[in-house]
Amino acid sequence: MPPFPFSAIVGQDEMKQAMILTAIDASIGGVLVFGDRGTGKSTAVRALAALLPKIKAIKDCPVNSAKAKEVPDWANLATKKSVTVATPVVDLPLGATEDRVTGALDIEKALTKGDKAFQPGLLAKAKRGNLYIDEVNLLEDHIVDLLLDVAQSGENVVEREGLSIRHPARFVLVGSGNPEEGELRPQLLDRFGLSVEVASPKDIETRVEVIKRRDGFENDNAAFMLRWQAEDAAIRDRILTARKALIKLKTSDKTLNDVAELCLALGSDGLRGELTLLKAARAYAAWRDDSALTRAHLRAVAPMALRHRLRRDPLDEAGSGTRVARTVEEVLG
Amino acid sequence: MERASREPWKKFLASETWTHAVRALQLLAIDPGLGGITIRARSGPVRDKLFAQFSQLPQPIRKLHPAISDEALFGGLDLTATLQTGQLVSNPGLLEQAGTFVLTMAERATTNLAARLACALDGNHDNFLVALDEGAEPDEGLDPRLAERLAFSIDLAGVSLSQESTHAMIDLAEARDRVVLCNSAAVHQLTDIACQLGIDSIRAPMFAVRAAKANAALFGRSNVEAEDLEIACALTLAHRATRIPEQSSPEPESPPPNKESSEEKDEQTLALPDELLLDAVRALLPDNLLDKLNARKARQGRGNGTGAARKGNRRGRPQPSREGRLSDGARIDIVGTLRAATPWQTIRRNASGRTGLQIRPSDLRIKRFEEKSDRLLIFAVDASGSSAISRLAEAKGAVELLLTQAYARRDHVSLVAFRGTEAELLLPPTRSLVQTKKRLASLPGGGGTPLASGMMAAFEQAVHATSRGLTPTIAILTDGRANIALDGKADRKKAAKDALQVATILRSHGMDAIVIDTGNRPEPALRNLAQTLDAAYLPLPRADAQRLSDSVTTILGD
């Protein structure tokens, strides 16, 4: 069964917007979705996978290289033909071993043929695509450390069992979790570009609509997909247009000033906040098809770009989203 | 009055539990997309009988156990066969095969396993899962992540063998192919009821719609009707309820939601009035709903899956590899294995006549790692009257500071309070500080000082935590004026004696502990207790929680 169409997801606008922004500019650095069970987190992530534009890659390349010369030697490809493939969306399951994440010696080959071959892991598979971690806050610490390291350096280095392999690993981290079940370390939080909080819709009408669509999706799948195909395609086209528009988009010094002031006022750690806010605002402007970056764009994306970067009192119960909104009001007026 | 009118139904429905269980299985057989069912019952004839029911289902039963390895679940290399034949032989994973999955001892399933199964259920609409939950305590149970994805939950407690009759599983093939429509009014109604019951997740009404449709298919209808809604509510919504819906109007005298009454209804009026549906659910709500809810909340807070046993060989500081069997995700030391196999190559080649590398299972070398397990800080807080008067607030402040440090070190924390006649577990081990703080803030003071009970409760937590691979430390915050003995009687002398006795038990188990004196003056008896415990003794410095937390950190080491 194909995944649920992205455009058919009822409500959850902030989450959808955040996902679209990272699809426009992958360098924003991923989305973290926090919310209770049954709010459609996984559905949205899987829907996004089907929505993303296809990419060109070398056939059978383990790291989805765009060009023939980028294919690593250890891949041992006979032919290097370029084909169009779907953007990879790779699930990182809870309890995945280090071997599966980074890749390891191919035990089957080693034991049966005595070959020393590298078996690429999930990080290789996710290159140029999304790495989706459900229940990211329950992920074991050593895997988190490893992900942090790779996400920061953009390179996966495997030094074990007599292997010495490194391959580029740039991917968009998409994480989801339930905040009631444990917190995420601030180091990892900071690594996500955007963060959104979702809740199940509160009014009956919206909830009924959600259930009806789900029912339609399961009852008459073909008809349902057909019904939403055009809308999904429209979003996909808009993403592609926005990607192009992004290059030409102008950023005035005044806006840069606003960005810096906003982050200073919030006291967000490091400069990653400023960079992400700027990138997200630019992507948002491109999505809106505006030619210049304005305060309105900053205002729209500031909560999702900054709420998880505040130096936070671990015992503070109030959401940081409100703090961001208040400061935005004060600084941008 | 509400009770009185509810009673007769309750009796009626208690004997219906069995019928419901069987119906749920039938619905699952018709629509596996319902995810599955949790059956909460101890092993026994009733459960066996139910088990026999779903043995009649067309699909084979595949048993999963809580310690199942990834290889068994998802498939992997069949090592022995591969080594013997020199050819790659792989095992198919259980999840890849069609079948009804039965998770035995579901309450023991780790977060990791639950997450995997949940993920498998999300993408799979052909197989369903039966979770056999044998939890004895209210807070023991199937992982909420997984429970959320199973439409039904049946508690077989109270069902006796004489009550139920065997139902032959009728041929469901026809029902499975039937297309059933659910009109919008019905969807609306189910959603509304879910809301009134305080069910936040949108999965619940989705399951309700599916269940109603499957039930209609079971009875050969092509439209969802009132009785389908009724059974759907009873089966999918009742056990998820988080609050008892308000009763807007006095309940009608005799509307038992059985088939006779709904058959009398005009076939055209499709939906039952909301009230009636709600009543159907209300009748199914367990008497101890609130207790259960509390337990459920506590279970959610348990959180981090890292509490699992830490004997594994997957990570930590490397140690020399050892001979061993490759089982349960153990990591193989390839170089060591090859080194062990090398001297024998010529002999083996001659013996077997095969060329190429020849490895026998006896050559396998397994990696070993040593690692430190996570630390758990158990706070046993004295909330008695004497303490409340003196310095409960300060003690709370000190605990909060310690919590912040626990957060920084990624320690787990757990909270036990003792006051009145007994101790109470406020929060099972968690890393969620917000929850800990909430519970702490709402902790009232007053009553006697059952010090021994408090220590005992903390000790039970510690033992439990040790079995889960955590390293517990108990921090006791008290003014030391124990006046309630272990049996709940007010007897100062016996209370002190009991406290010392419990301390001896703790020490004999090698539990780490800290005693923090929150009294106005240092209490000599408490120092004595700390000595028995072999614990550090700290009089709470006046109004200086920071200093206290510093000293505790020093004692704990890092």
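Two strands pair if DSSP finds at least two bridges between them; strands (E, at least two residues) and helices (H or I, at least four residues) are DSSP runs, numbered from the N terminus. This is a predicted model, in which local features need pLDDT of at least 70, side-chain atom pairs count only at pLDDT 80 or more, and totals for chains, interfaces and linings use all residues. Residues are numbered from 1 along each chain as its sequence is written, while chains are lettered from A and ligands numbered from 1 in the order in which they are written.

Reader: Which residue in E5(B) stands opposite B:Lys63?

Author: Strand E2 (residues 61–64) of chain B runs parallel to strand E5 (residues 100–103) of chain B, and four bridges join them. In E5(B), the residue opposite B:Lys63 is B:Val102.

Reader: Which residue in E6(B) is the bridge partner of B:Leu103?

Author: E5(B) is also joined, by three bridges, to the parallel strand E6 (residues 129–133) of chain B. There, B:Leu103 has as its bridge partner B:Ala131.

Reader: Which strands of chain B stand at the edges of the sheet?

Author: Five strands of chain B form an open sheet with parallel pairing, in the order E2-E5-E6-E1-E7. Each edge strand has a single partner strand, so one side of it is left without a neighbour in the sheet; the edges are E2 and E7 (152–155).
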